[in-house]
Amino acid sequence: SVIAKNPVVTNERSNAALYPNGFDPKIQAKIKDLSLSVGLKHKAGQWMLDLNNTYGQNNFHYYNANTLNASIGASSPTEFDAGGFGFAQNTSSLNATRGFNVLKGLNFSAGVEFRLDQYDIVAGEEGSWKNYLQNFRVDTFINKNTSSIVELDTVYSPGGAQGFPGFQPKSALKSTRSNLGAFVDAELDVTKQWLVGAAIRFENYSDFGKTLNGKLATRYRINDKINIRASVSSGFRAPSLQQIYFNTIYTNFEGGQPIEIQLANNSSTLATKVGVPTLKQEKSFNYSVGLTIKPMKAFTITADAYMVQVKDRIILTGTFYNDDNVIGADLVALNVGAANFFTNAVNTTNQGLDIILTYNKKIGKGRLTTSLASNFNKLVVDKVNTSSKLAGKEDVYFSNREKAFLIASAPKSKLNFTVTYDINNFSVTYRLVRYGEVILLGYDDKQQIYTPKLVSDIALGYSINKHIGVNIGVIIY
């Protein structure tokens, strides 16, 4: 027979003295978001100058309720400050634009931009993450030959707030990055019908070096009612500070059983040990072709087809467990039961179509503007790029579940119908948005289908003068 020396512990993640009927932990958050933008426009000779600065900050702080730190036992608090994270960005730029009398007209623009990013992770209170090793169960049996009690094992209850352990002090950080960019852009009317444009942008990241990207575009006016256009460009995106540095331990329920998973940041010993390479930049190529038709004075139709190819796209891997036949031993050695990572794992192609119908006409003493904007898109994963150590593990490195999340990052269709009526200084706007179906996968690979959703809002506005206005709106789900 088995004798439990601590009969209060019936579930090592709970405590019957606190929650005799079990519990459902609540993960709560307080979000603070602010932004401020100021600018100055000035004409200096033939040049129009635009100097501006924009600052934005977002803080996300977690609080746990209806939970416990099971390692403390019956005296555990049931609420914790779990810590959180924040991001701040300041962008300063100076742009200059002027026209030149070349052929049918040349418009030239140039500018410089300096951006500073800061990302912080703040640790939670001690009880939200620590294992105090105070609450345990000793499993024993009675030896039939000697009638003595033999101890089998000591099982300690897990520490940290159940459901969502707080951020640990070793996860806390403050990271910064600066980026200096410069661009030149020119548009030339070769004839009254034909326009060509080109742009080059140079960027220098403090942590990812230099990049140079360009764009070519053209537009041809068939007549006063029909225009066609096309463009091709390259793109570059450095990994965000969040993708590089974010790390935490969280609890998932798989098959009804709780499991703690470590999301290890890219520079961690764990990521290096299992062969996850250092994050690098994403690169893209973008192609588009469009058409504008104006069948009548008040009615305009635009349609644009596009294709975006992204190489080395950053995703969150699936979950690797400590019984994995390749890196399981590495996880065991680091006392990690399961882990996932951010990595440059896939190449993707996104194809889409934007169609916008606009009607604008004076009615009565005011002006009525209506628009119907629609987007249809399809994302395809072209290739999965595993690290050399994890070659052959594509089904885990980029699991079906994570693939579904990536494909569902935007609904395959979105419709936006907007009606605005302006009269004197007043305006009223009604908007109806339809988000298309989204399909995700659970941990059991069963589909989770989210049916199309309608969201509407109505807003009233008043313009005090040319520079100041007030809007009050209500969102209806």
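Contacts across the sequence come first: in this predicted model, of the contacts in the protein chain with a separation of 6 or more, 63% are between residues 24 or more positions apart. The protein chain contains 5 helices and 24 strands, and 36% of its 477 residues are buried.

**Overall dimensions**

How far does the C-alpha trace span along its principal axes? The spans are about 105 × 50 × 40 Å. The radius of gyration gives another view: the protein chain has 29 Å, while a compact globule of 477 residues would have a value near 23 Å. The accessible surface comes to about 27300 Å², and carbon and sulfur atoms account for 57% of that area.

**Strands side by side**

Let us follow a few strands next. Strand β3 (residues 47-65) pairs with strand β4 (residues 80-100) in the antiparallel sense, over 17 bridges. If you look for Q57, you will find A88 of β4 standing opposite.

Strand β4 also pairs with strand β5 (residues 106-122); these two run antiparallel and are joined by 17 bridges. Here F100 has L106 in β5 as its bridge partner. The hairpin of β4 and β5 has 5 residues between the strands, and L103 in this hairpin takes a positive phi near 50°. While you are looking at strands, here is a handy general point: in a regular strand, side chains alternate between the two faces of the sheet.

**Salt bridges**

How many salt bridges does the structure hold? There are 13. Three of them are set out here.

| Salt bridge | Closest N to O distance |
|---|---|
| R229 and D304 | 2.9 Å |
| D457 and R431 | 2.9 Å |

Take the pair R229 and D304, whose closest N and O atoms are 2.9 Å apart. This pair links distant parts of the chain: R229 lies in strand β11 (residues 226-237) and D304 in strand β15 (residues 299-316), with 75 residues from one to the other. R229 has a relative accessible area of 29%, so this arginine counts as partly exposed.

The salt bridge of D457 and R431 also has its closest N and O atoms 2.9 Å apart. Distant parts of the chain are linked here too, with D457 in strand β23 (residues 453-463) and R431 in strand β20 (residues 426-435), 26 residues apart. Are these two partners buried or exposed? D457 is buried, because its relative accessible area is 17% and the cut-off for buried is under 20%. R431, at 28% relative accessibility, is partly exposed.

Some salt bridges share partners, and together they join E113, R115, D117, R201 and E203 into one network. R201 is partly exposed, with a relative accessible area of 27%, whereas E203 counts as buried at 9%.

**A closer look at N227**

Strand β11 also holds N227. Which residues is N227 in contact with, leaving aside its neighbours within four places in sequence? The contacts are R219, Y220 and R221, along with G290, L291 and T292. With a relative accessible area of 15%, N227 is buried. To see this spot for yourself, find strand β11 in the structure and look for N227 there.

Terms used:
Residues are numbered from 1 along each chain as its sequence is written. This is a predicted model: local features need pLDDT of at least 70, side-chain atom pairs count only at pLDDT 80 or more; totals for chains, interfaces and linings use all residues. Side-chain values use heavy atoms; hydrogens and water are left out. A salt bridge is a side-chain nitrogen of Lys or Arg within 4 Å of a carboxyl oxygen of Asp or Glu. Buried means under 20% relative accessible area, exposed over 50%, partly exposed in between (1.4 Å probe, protein chains only). Helices (H or I, at least four residues) and strands (E, at least two) are DSSP runs, numbered from the N terminus. Two strands pair if DSSP finds at least two bridges between them. Contact means heavy atoms within 4.5 Å. The radius of gyration is taken over C-alpha atoms; the globule rule is 2.2 Å times the number of residues to the power 0.38. Accessible areas come from the Shrake-Rupley method with a 1.4 Å probe; for residues, only the protein chains shown count as cover.
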